[in-house]
Structure formats: C-alpha cells, structure tokens
Amino acid sequence: MNQIVGSHDLLLVTLDTLRYDVAEELAAAGRIPNLVRHLPGGTWEKRHAPGSFTYASHQAIFAGFLPTPAYQGPHPRLFAARFAGSESTADGTFVHDTPDLLSGLAAVGYRTVCVGGVGFFNGRPPLGAVLPGMFRESHWEPEFGVASPTSFEAQVARAEQVVAELPDEQRLFLFVNVSALHQPNWFHLPGATADAGDSRATHAAALEYVDRHIGRLFAAASSRRRCFAIVCSDHGTAYGDDGYTGHRIGHEAVWTVPYAHFFLDPGASR
C-alpha cells in the first residue's frame, strides 16, 4: 500500500448488509456480471465483519480494520494506525500517525469524500453526523437512503459530480455506503409487495440492481488515474435464519461477508 497511497486514487464501497452466501450465489450464477469482471478469479473472498451493524463496523473499517479473512491469521492489513505491538501491521501496510484512516490519508494530500447511504450517514441527528464528520467532504440526500428505489443511481450521480469537480492533480479517497441492500428492499424484486416484506430473494434482487449501475461508479473513480478499489460488506443480515431477522446479532449470516480488492485502470468499463 505504500506504493499505492500517493500515486493512486482510492475507492471504498461498502455494500451495506450484503450477505456472503447471496453474493457468492449470484456471482456463480452470472447474475452480477459487472462486479464479477473485477473480482479476482471472478469470486468473492469470504471474510468476517469487524462489527454486526453499520456504526460499529464502519468505526472499525475507518480505523483500518477491514473485514478479516475467514481463516487463522495474523492477516497483514492494508492500512493501520501506528500502534505498538500490532501483529497485523506488516512491511506493506500504509501506517499513519493519526487515529483513523481518513485523517491519515488527508495528511498525505488526499481529498476524503463520503457519499452516505443508511441513516448513520445522514447527518441529521448528532449520531448520524459522527461517521460522515470524519471526512473532509460528505454528501447525503433522502434519495440516497434506504427508502429510495433508485438510491444507488442517485449516489453514483453524486460521485460522478464529485470527481468531475476535482482538480486533476488532487488525489481522492472516495467512500460510498450503498444503502440499496438494506431493509426495505422488497421493491427491487418485480412482483414483490410491501405486505410480503423483505426476503433473501429481494436482497438478491437489490444486489442485481446495484450491479447494473456500479460500472458507472468504477468508471468515475478511475477517470483521472489508476484507482485501487475495495468492495465489501460491512455485515450481513438474517432473513429468518434459525429464527433470526435483521442484524446486530451474533449469527453466521451477519458475521460472514464478501470482500474484494482490485485495481481499476483509467477508462474502466461503464
């Protein structure tokens, strides 16, 4: 990462609440082609989330604790605050002397930009301002939120605007919290109804919706120079698994998440 930070733009996309099993099934079935073409080997990596709900997980992610590979470590991290005795800081880790990754990247010249999605990024109550307040620039509109059937399209349009307005020489760390997979998501499946509610099938349909538009985000993020991208879930969610629904619980469907990182070359496919 010490060769990447400073020379590349950086993109972090959290597919909020995306389950690993759903992501894996759709990739194998060819239902998310725009994502799969960028996944190393065409598959997601199985990892464990650092938290069981959005706020906790993003606090950890923004401190450099990305989802952990689902096998025994220690696992060298991409980013880390300087901390004596850290077993996951390696020679290739980008180490910063600030308490979080955002301020660490800002200290080396990055413009840090958040395009929020779920309520923890809406800036409305004080709690909703904590995470976006860590960025130099943050954006949230009701159209980006969980209740909007076109949330991801609106988020991508804002990201395109952000990139277009930056000076060419300005390095960018762009973060997008994708809200489309979060409940409610029933409206992404044709024929589904609010009365029937959300399900594993509507969750999958929401991922297909995101896939249809994510090429535009990748194209914008790599439009000025080569971009290093991380795409992952912050946690999963349960749809009746062992009697559980939702997240902020200690269940396999919540802790197990998909992860990938890869490079986007300038002119990446829309």
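This is a predicted model: local features need pLDDT of at least 70, side-chain atom pairs count only at pLDDT 80 or more; totals for chains, interfaces and linings use all residues.
Biologist: Let's start with Glu 137. Where does Glu 137 lie, and is it buried or exposed?

Modeller: Glu 137 sits in strand β7, which covers residues 137-139. Buried means under 20% relative accessible area. Glu 137 has 18% relative accessibility, so it counts as buried.

Biologist: Which residues is Glu 137 in contact with, leaving aside its neighbours within four places in sequence?

Modeller: Contact means heavy atoms within 4.5 Å. On that basis, Glu 137 touches Arg 111, Thr 112, Val 113, Cys 114 and Val 162.

Biologist: You mentioned a cysteine there. How many disulfides does the count come to?

Modeller: A disulfide needs two cysteine sulfur atoms within 2.5 Å. By this rule the count is zero. Take Cys 114: the nearest cysteine sulfur belongs to Cys 232 and is 14 Å away, and Cys 114 is in no disulfide. Cys 227 is in no disulfide either, with the sulfur of Cys 232 as its nearest, 14 Å away.

Biologist: Are Cys 114 and Cys 227 buried or exposed?

Modeller: Cys 114 is buried, at 0% relative accessible area. Cys 227 is buried too, with a value of 0%.

Biologist: Now for another glutamate. Where is Glu 153 found, and what is its relative accessible area?

Modeller: Glu 153 belongs to helix α6, residues 151-164. Its relative accessible area is 27%, so Glu 153 is partly exposed.

Biologist: And which residues is Glu 153 in contact with, beyond its sequence neighbours within four places?

Modeller: They are Tyr 209, His 213 and Arg 216. Val 210 is 57 residues from Glu 153 in sequence, yet their C-alpha atoms are 8.3 Å apart in space.

Methods
Residues are numbered from 1 along each chain as its sequence is written. Side-chain values use heavy atoms; hydrogens and water are left out. Helices (H or I, at least four residues) and strands (E, at least two) are DSSP runs, numbered from the N terminus. Buried means under 20% relative accessible area, exposed over 50%, partly exposed in between (1.4 Å probe, protein chains only).
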